[in-house]
Amino acid sequence: MKLKGIAELLAETGPFIHLGAGQLELIAGCGSNRSLDQGDQLFREGDAADTFYLVRHGRVALQIFVPGRGPVTVETINPGEVIGWSWLFEPYRWHMDASVVEHGSAIAFDGACLRGKCESDHDLGYELMKQFATLLIDRMQTTRLRLLDVYGHAPAAAAD
């Protein structure tokens with residue numbers, strides 16, 4: 001059985017399926033395999049966002065801190081999904097925390113490397129911007145619905 005390369009794996013993944021072979025090879029050149037151990041923190045809110053991940057195996061929880069409740073998971077990223085868009089937008093800072101909840105693996109992509117390739121190849125940059133904008137909108141909608149659930153339940157009135 002032949003192992004698939006990074007470009008081949010990208011070709012099967014949502015944000016990248018519309019890209020040409022040359023563009024996939026450019027992106028793959030910025031990627032490396034990474035093990036995900038349960039409990040690992042991929043990133044923390046406010047830290048420099050210099051990477052995005054394609055989860056291959058395992059699961060990663062996106063979390064926000066809610067006063068009085070602590071960390072709240074707003075979405076769980078599953079195999080075949082991309083995590084991270086902050087590497088693409090200045091000031092390149094994470095807006096959430098990401099914790100590995102199930103051991104697995106991912107392909108980690110160097111954001112600075114990829115931004116450089118997008119500057120050199122505006123067609124690639126435009127295609128990635130469209131795909132990551134869609135990812136961003138989906139993630140924001142999921143977070144919005146989760147926050148409505150968190151804040152939408154008023155405390156029950158005390159019985160007299």
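Is Arg 59 buried, partly exposed or exposed? Select Arg 59: with a relative accessible area of 32%, Arg 59 is partly exposed (buried means under 20% relative accessible area, exposed over 50%, partly exposed in between, with a 1.4 Å probe and protein chains only). This is a predicted model, in which local features need pLDDT of at least 70 and side-chain atom pairs count only at pLDDT 80 or more, whereas totals for chains, interfaces and linings use all residues. Residues are numbered from 1 along each chain as its sequence is written, and side-chain values use heavy atoms, with hydrogens and water left out.

Because Glu 102 lies in strand E6 (residues 97-110) and Arg 59 in strand E3 (residues 51-66), the pair ties together parts 43 residues apart in sequence. Helices (H or I, at least four residues) and strands (E, at least two) are DSSP runs, numbered from the N terminus.

The whole structure contains three salt bridges. Select Lys 4 and Glu 12 for another, with the closest N and O atoms 2.4 Å apart. Then move to Lys 130 and Glu 127, whose side chains form a salt bridge at 3.2 Å, N to O; they are three residues apart in helix H4 (residues 122-151).

Finally, select helix H2 (residues 21-28), where Gln 23, Leu 24, Ile 27 and Ala 28 are the buried residues. The face turned away from the buried side of H2 carries the exposed residues Ala 21 and Glu 25.

Definitions and conventions
Salt bridge = Lys/Arg side-chain N within 4 Å of Asp/Glu carboxyl O.
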